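Work through the exercises below with the sequence and the model at hand. Try each task before reading its solution.

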Amino acid sequence: MLKITPYLGILVVIVSIVGLWYPILGYMMPLVILILMVTSVSKGRWFCGNLCPRGSFIDFWIGKVTKNKKIPKSLKSYWVRIPIFVLLMGFMTYRILNTQGLINQIGMIFVIMCLVTTAIALVLGVGISPRTWCTFCPMGTAQNLIGGKKHQLQIIDSKCISCKKCDKVCPMQLDVHKGEIKPDCIKCERCVDACPTKALGFEA
Ligand code: SF4
Ligand code: SF4
Ligand code: SF4
């Protein structure tokens, strides 16, 4: 299965920094959004754990310097996430509609959005836990709502010894050992690899 690599994270730096001089690079952002929307229909948040450039940046770069604290529960609430989704998407749409359709101006809006959200992800990732931003990222919320119930993690109860090693490695800080639906699982498979009894796996 495809696994996230450190090299994908370089794309975030290129778009956020080089994009300030070459705004055309900002168009990577709608391309990423299109891909994650399509994959979310059948795989939920699979894109977040396997193909997202910012996810890679967070895992491999921020992961080295994080304080690794508990992500506040409030950030996982739809009451927080949906307003953030509406605010950020509304703001971006408003800005685009005010550009008179100029290619470079629109590209620069995507670049600035990428830069600002990556800066927020960086601060939260270092100060709290690497995937804190991914807890309420509008694109994570969109995938959660579209296909959160798809491609679920399965637990074979008879094999589980309740060691909770799966919980400890989960970057989204989910209660992995509980056999409930996990719409915010990013399908990174770290829990599967960590389980000593092979009690975990994904449905097709
Ligand atoms: S939540 Fe957002 S930033 Fe995080 S991996 Fe998913 S799409 Fe990327
Ligand atoms: S790591 Fe495996 S055995 Fe341990 S609690 Fe999780 S599912 Fe159960
Ligand atoms: S439940 Fe497992 S696959 Fe899902 S995010 Fe947590 S560690 Fe990754």
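**Exercise 1: ligand 2**

Task: list the residues around ligand 2 and sort them by class.

Solution. Step 1: the residues with a heavy atom within 4 Å of ligand 2 are Cys160, Ile161, Ser162, Cys163, Lys164, Lys165, Cys166, His177, Cys195, Pro196, Thr197 and Leu200. Step 2: count Ala, Val, Leu, Ile, Met, Phe, Trp, Tyr, Cys and Pro as nonpolar, Asp, Glu, Lys and Arg as charged, and the others, Gly among them, as polar. This shell then has seven nonpolar, three polar and two charged residues.

The model is predicted: local features need pLDDT of at least 70 and side-chain atom pairs count only at pLDDT 80 or more, while totals for chains, interfaces and linings use all residues. Residues are numbered from 1 along each chain as its sequence is written, chains are lettered from A and ligands numbered from 1 in the order in which they are written, and side-chain values use heavy atoms, with hydrogens and water left out.

**Exercise 2: serine 162**

Task: is serine 162 buried or exposed, and where is its place?

Solution. Step 1: buried means under 20% relative accessible area, exposed over 50%, and partly exposed in between (1.4 Å probe, protein chains only). Step 2: serine 162 has a relative accessible area of 52%, so it is exposed. Step 3: serine 162 sits in the loop between β1 (153-155) and α9; helices (H or I, at least four residues) and strands (E, at least two) are DSSP runs, numbered from the N terminus. Step 4: histidine 177 is 15 residues from serine 162 along the chain, and their C-alpha atoms are separated by 7.0 Å.

**Exercise 3: leucine 200**

Task: which residues does leucine 200 touch?

Solution. Step 1: contact means heavy atoms within 4.5 Å. Step 2: not counting residues up to four places away in sequence, leucine 200 touches Leu153, Gln154, Ile155, Cys166, Val176, Cys191, Val192 and Cys195.
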